[in-house]
Amino acid sequence: MSLIESLFGFLILALSHFGKLALIALGLAVIFGIMGIINFAHGEFILVGAYTTAMGYHAGFPLLLAIFVGGLAAGIFGLIVERLIIQHLYDRLIETLVATWGVSLIVIQLVRIQFGGTFAGIHTPLGSIQYGAFSASTYRIALAGAAIVLFASTYAIFMYTRYGLHSRAAMQNKEMAQCLGIPTKRVYMKTFFFGSVLSGIAGGLIAPTVSLTPDMGTNVLVEAFVTVIVGGANVIVGTSLAALSLGIIQAPASMLFGTLGGYLALLITTVLLIRVLPEGLTGVVE
Amino acid sequence: MDESEHATEESSNPHHWFSHLLDRFDEFHARFEGPNTIGNNRTFWAVFWGIFAILLVYPMIVNTFVLKTNTSFFIWVILALSLSIVWGYSGIFNFGQMATFGLGGYAYGVVAINLTEMIGGTVLALLIGVVLPAVVMAALGYFMFYGQVSGLYVAIITLVVTLMFNLLLTRTSGTTIGDAQLGGLNGMSGIPTLELDVVAFSFDLTPVSEYYLVLALMIAVYLGLRYTVNSYYGYVMIAIREDERRTQMFGYDIRKLKTALFSAGAALGGLAGVLYVSWSGFIDPTMFGLVSASLPIIWVTVGGRGTLLGSGIAAYLLQYTSNELGAMGTGYSFIFLGILFILVILFFPSGIVPALRDRWVAWSTTRKQSGSVQEGNS
Amino acid sequence: MVLSTMNLDSGYGQTPVLHDVSIEIGDQEIVSLIGRNGVGKSTLIKTLIGLVEPSSGEIEFEGECITELPPDRRAKAGIGYVPQGREIFPRLTVEENLRTGTMINENHADPLYDEVYEYFPRLKERTTQKAGTMSGGEQQMLAIGRALVGNPKLLLLDELSEGVQPNIVEQIGTILKEINDDLGMTIFFTEQNIDFTINTTERCYVMEKGSIVDELGPDELDDSDVIQQHLTI
Amino acid sequence: MGARKSTDRSGQTTPNAHGSGKNSRRRFLKAAGGLGSAAGLSALAGCIGSLGSDDETIRIGTLYDNSGELGFTGEGKDAVTEMFLEEQDYELLGREVELISYDPAGDNTQYQNLTRRIIQEDEVDMLFGALLSSNREAMRPIVNENKQLYSYNDWYEGGVCDQFTFINTTLSSQQRPMIEFMIDNFGPDYYAIVADYNYGTISNQYARFYAEEYGGQPVGEEFVPLGVDEFGSTINDIQQADPDWILSLTIGAPQASFFEQAEAAGLDVPYGSMSNIAGTYEHKTFEPPVMTDTYSCFSYFEEIPTERNQEFVEKFKSEYPDFDYVFLSIVDAYTALQLYWEAVELAGTVDQEEVAAAYESGDISVEAPSGTVAMDPETHHATQDMWLAHVDESHEVQFLDVDGNPTDEPISEQVGTSDWFASECQLASESTWDDPITEQYIPEEGDLTE
């Protein structure tokens with residue numbers, strides 16, 4: 001394989017790793033960053049998005065509309081979880097971990113009972129692009145673009161809307177925000193909804209590239225967490241940088257040492273990064 | 001119940017030898033009591049030894065299956081206690097406690113399979129099963145705590161390391177160490193039971209003697225830890241948990257202490273792992289999976305962080321429950337468990353045992369108060 | 001009457017701090033609360049804004065009982081709060097910090113950005129600076145400006161001279177009086193700095209061990225010995 | 001009859017209504033006994049154990065996951081078990097049959113606990129159970145310790161040589177007609193994509209051995225951890241190696257994402273699969289044409305065109321409409337029961353040692369939905385017909401003969417275990433009930449060729 005070809009291959013691989021990590025981490029980053037909640041049911045929000053997207057698609061919706069519906073479904077699911085459980089557990093990090101773990105168990109099993117072990121997936125659209133003897137899925141590259149669009153939109157929402165301002169204030173000093181008339185509980189509710197919608201959209205976007213199973217959420221949970229933690233406090237900048245750097249490390253490692261090597265490289269990098277940069281990548285930027 | 005109450009009981013009790021006995025009873029337990037544990041009074045210890053007595057005769061009234069199952073629950077209790085010390089008391093959010101259990105188990109298995117013929121082969125295996133996790137976690141602890149990693153980041157690192165063990169061990173389907181086949185995801189089987197051959201004292205573990213051994217170890221670990229957390233070291237642990245920086249300013253080497261605690265907890269977790277593998281004769285890499293890794297965290301949270309009793313009881317009851325749910329033969333067991341976690345967290349946020357303690361305290365104070373009011377009236 | 005408390009008892013968990021506190025603050029008044037460190041001044045302010053829950057007693061704001069309301073509802077009703085230690089949002093810009101104050105007093109539509117920048121021209125120079133990077137005095141100005149933007153009917157300030165340079169303290173005192181005059185805003189603050197108190201306030205409560213022990217009018221306030229006495233005993 | 005009739009599915013939409021009625025009450029009492037004893041009410045526990053013992057009733061136990069990752073597979077197996085028992089009117093040797101099933105939920109610790117429970121407390125006459133090999137390996141020490149007759153019936157890598165265990169399912173070595181077919185029809189160079197797990201790696205060894213025998217060789221191998229659903233670099237690697245065909249040993253739905261990703265990346269190479277289609281019906285869950293030109297060789301596919309099979313499929317689907325596809329695991333559970341019934345009828349008793357002897361008689365052979373299945377006395381493994389399925393671009397399945405022509409016949413009849421295993425494992429001649437062999441043989445490098 002020529003140098004150009006392998007460089008191109010590496011680029012495409014790194015891009016697709018980045019796209020996926022960024023997508024699955026964004027919703028988690030929003031909820032964890034703003035509310036300090038460890039959402040162990042994060043994967044199940046992705047699952048709800050993916051399954052709903054697939055259902056919409058099979059019902060004849062165009063894919064983009066189906067993904068939008070998937071995001072909305074995950075958002076509604078998030079609202080229910082927030083109203084029933086999370087709102088009673090603000091400021092109690094560990095307890096949310098166990099409670100959301102419970103949510104995760106319930107959802108996975110309900111989905112399994114309802115839909116069985118696998119669910120009819122969506123065919124990956126957009127075909128493939130050719131480079132020399134090689135080819136890659138166009139959609140996978142488009143996912144990286146979608147991730148960038150989602151990050152930019154999230155950034156805009158946090159920077160330029162009243163909700164965004166209030167949520168950033170609440171994130172930095174919840175009591176003070178409340179004393180200024182900011183209804184922090186409502187802000188948290190909206191944040192949970194927003195994060196769930198983002199996760200649902202992520203689920204819808206990756207649905208055409210993976211098998212839809214009740215465990216699909218569990219499978220992405222660790223990667224999502226790792227990305228968020230490596231990113232640090234800054235939801236947008238930190239998380240996107242983390243996804244990028246982890247993607248760039250995972251790509252050559254998996255090219256050289258196989259998929260397992262890539263995954264191990266991701267985990268080892270995480271451990272080392274946390275040790276070297278306890279603040280996450282945000283610490284370097286700020 | 002404080003000392004003044006003992007005094008009043010004493011004066012009202014005509015039997016001197018009995019009150020003397022009670023004093024001895026209290027004296028013996030005093031060393032296990034303190035503000036850092038639940039159950040610091042005569043009633044508690046009476047109930048405690050009462051249950052112990054029942055557990056002593058238990059093997060005579062149940063069949064082998066119930067006995068074996070109970071033995072495994074006791075082993076989980078030991079694991080829960082080890083995490084209670086590391087996380088509940090010292091505040092090190094360790095997601096890797098199950099990994100110490102698994103490491104201990106694998107180490108025991110490999111050594112025991114290779115050295116069964118040797119006299120005391122399993123005793124050596126036991127020792128290695130305890131020491132290996134302690135050493136591994138000491139190294140990891142050194143890596144983390146001397147690098148100022150703390151809080152949630154410790155949880156993530158320990159979780160990630162646990163998952164790496166999982167990945168690596170699932171890769172071992174053809175790997176052998178001596179006679180031991182690691183077996184990849186199929187696990188390692190044919191692991192011999194502990195044989196204790198220590199000078200003039202030797203017995204093979206039958207289900208009954210195994211039960212007594214594990215019961216004795218569980219009680220010893222519980223009392224030992226109670227003693228520790230109520231001693232000087234216990235206060236240091238809690239100081240670390242409550243305010244690391246201030247503890248450091250008082251001249252304690254936090255990094256060293258945390259590494260030591262982390263490693264000691266791993267030794268205890270390793271012990272539980274050894275007992276478990278000796279009990280089951282089998283171990284596989286799912287011990288290092290996400291689900292398993294969460295179990296001890298769930299026990300300790302549900303039972304009440306910062307209480308040994310709570311962690312132990314929660315481990316027993318939750319394992320018992322999931323066991324029975326499995327026995328119901330339905331696909332709904334995970335749903336039940338999930339709902340259970342949520343309800344406990346919502347209604348007993350500080351854990352079941354502390355909540356019950358608070359209720360008990362409230363109840364007994366109102367009773368005492370109403371009692372004293374009546375006395376005043378009469 | 002803008003604010004009054006009746007027989008307020010309050011504290012943290014099992015630890016009582018305030019005993020039987022009854023105060024009244026009239027419309028457009030500028031009233032202070034003095035007392036030594038740790039007598040419960042901050043606890044009273046926190047109880048007024050809703051951060052600390054009273055165990056008994058009542059708080060009335062503009063004739064409405066607000067004892068049960070959470071802080072955000074009290075702010076919306078028109079109470080502005082400048083906490084001890086300022087508590088500005090360090091990673092927001094100056095301008096964003098000010099914008100967080102607009103929820104105060106929901107009956108008032110237009111935020112008072114111009115007025116705030118007029119009183120504190122320094123803030124105007126730094127609208128895009130991250131608030132965490134400013135000096136203590138500037139942060140104090142920002143904290144006051146943030147509460148002011150929403151045009152509250154009542155402004156609560158807790159220990160505002162703490163950690164601020166003396167000349168800036170003086171400047172802030174003057175501005176508070178101007179705010180009181182120009183906007184007709186009622187002001188209630190706690191303070192240990194005697195000069196500041198004398199110069200700024202019209203009326204003053206004295207607190208000891210969580211109870212109001214004295215109330216000083218304009219005449220007593222002119223006699224700095226009286227105040228000295230209350231603060232040093 | 002009352003006892004087990006109550007396990008009928010109440011309303012087909014909720015696939016888990018086991019254990020209602022009498023049996024669940026009994027189990028509840030037991031549960032209470034266990035709990036009570038811990039709480040000091042232990043006196044109860046002792047007598048409850050003897051409550052249910054009734055010599056007239058034959059007890060069949062199943063341990064199949066009904067929840068957890070493979071919950072759906074286990075449900076299928078439990079469903080078909082019920083269907084079989086209903087067909088038999090819950091009777092064997094004129095005696096009532098009671099079914100006892102638990103849900104180990106995919107957890108090996110639970111498998112161990114429940115194996116103890118079902119043997120020691122419920123005292124079953126025959127135990128069916130385990131989905132994954134790891135479940136089985138967790139169970140076997142306890143099964144052997146208690147000398148319990150046991151059936152494992154889910155496709156696996158092979159190698160269990162155990163006095164007490166009888167196995168009917170497709171083994172990796174039995175899929176050798178596929179390897180031969182692929183080499184003959186597409187060429188010798190193949191790229192193996194292998195789940196990094198026992199089934200994958202050991203099957204890969206068999207594949208390599210048979211490929212060599214038929215004149216082929218791997219030009220690349222990638223071992224993929226379970227649960228991985230990211231194949232970008234693998235696809236790159238395959239394109240670089242440029243093989244004639246791909247040997248697929250992906251396990252589990254996440255790894256099946258490979259096919260979607262390969263299709264999207266424009267990879268157009270035929271698959272010879274040792275893990276897909278029969279067991280995990282990817283041709284039903286992926287949209288066409290993802291699985292186009294997949295060749296898969298197993299003992300059973302829903303599409304097998306025999307009358308016997310079509311009747312079976314129709315009946316099962318009408319009784320259990322949750323199942324859109326009748327997969328291998330379901331039919332193997334059914335066949336396992338058929339084999340047991342035949343063995344018991346031959347032995348004339350459910351005495352476990354005598355039933356084991358009947359299994360070993362060489363006379364056990366049943367007409368299963370897949371065709372004729374016989375029990376090999378020496379290895380305790382089933383000898384059966386192998387079908388070669390081809391998935392076309394609309395995801396329809398045709399069966400092919402060795403030349404690649406459509407056929408209604410299996411590609412190879414009465415296929416046994418590998419020669420190597422048959423030479424290693426001679427239970428009928430070397431093992432007895434009281435001096436049992438209980439091994440799993442795993443071929444090491446060079447073992448197969450000797």
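**View 1. Polar contacts and salt bridges between chain D and chain B.** Across the interface of chain D and chain B there are 14 residue pairs in polar contact, both partners at pLDDT 80 or more. A polar contact here is a pair of N or O atoms within 3.5 Å; within protein, one must be able to donate a hydrogen and the other to accept it, and residues adjacent in sequence count only if both atoms are side-chain atoms. You'll also find two salt bridges between these chains, the term standing for a side-chain nitrogen of Lys or Arg within 4 Å of a carboxyl oxygen of Asp or Glu. In one salt bridge, Asp196(D) pairs with Arg171(B) through their side chains, at 2.5 Å from N to O.

A quick word on the model: it is predicted, so to speak of local features takes pLDDT of at least 70 and side-chain atom pairs count only at pLDDT 80 or more, while totals for chains, interfaces and linings use all residues. Residues are numbered from 1 along each chain as its sequence is written, chains are lettered from A and ligands numbered from 1 in the order in which they are written, and side-chain values use heavy atoms, with hydrogens and water left out.

**View 2. The chain D side of its interface with chain B.** Here 46 residues of chain D are in contact (heavy atoms within 4.5 Å) with 43 residues of chain B. Together the two chains bury about 3700 Å², 53% of it on carbon and sulfur atoms; buried area is the accessible area (1.4 Å probe) that two parts lose on being put together, summed over both.

**View 3. Where chain A meets chain C.** This contact draws 20 residues from chain A and 20 residues from chain C. About 1900 Å² is buried between them, with carbon and sulfur atoms giving 63%. Look for Gln172(A), Cys179(A) and Leu180(A): they supply 33% of the area that chain A buries against chain C, more than any other three residues.

**View 4. A salt bridge between chain A and chain C, and the helices on the chain A side.** The rule finds one salt bridge across this interface: the side chains of Arg168(A) and Glu96(C) meet at 2.9 Å, N to O. On chain A, the elements that give two or more residues to the side touching chain C are helix H6 (162-172) and helix H7 (174-179). Helices (H or I, at least four residues) are DSSP runs, numbered from the N terminus. H6(A) brings the largest share of that side, seven residues.
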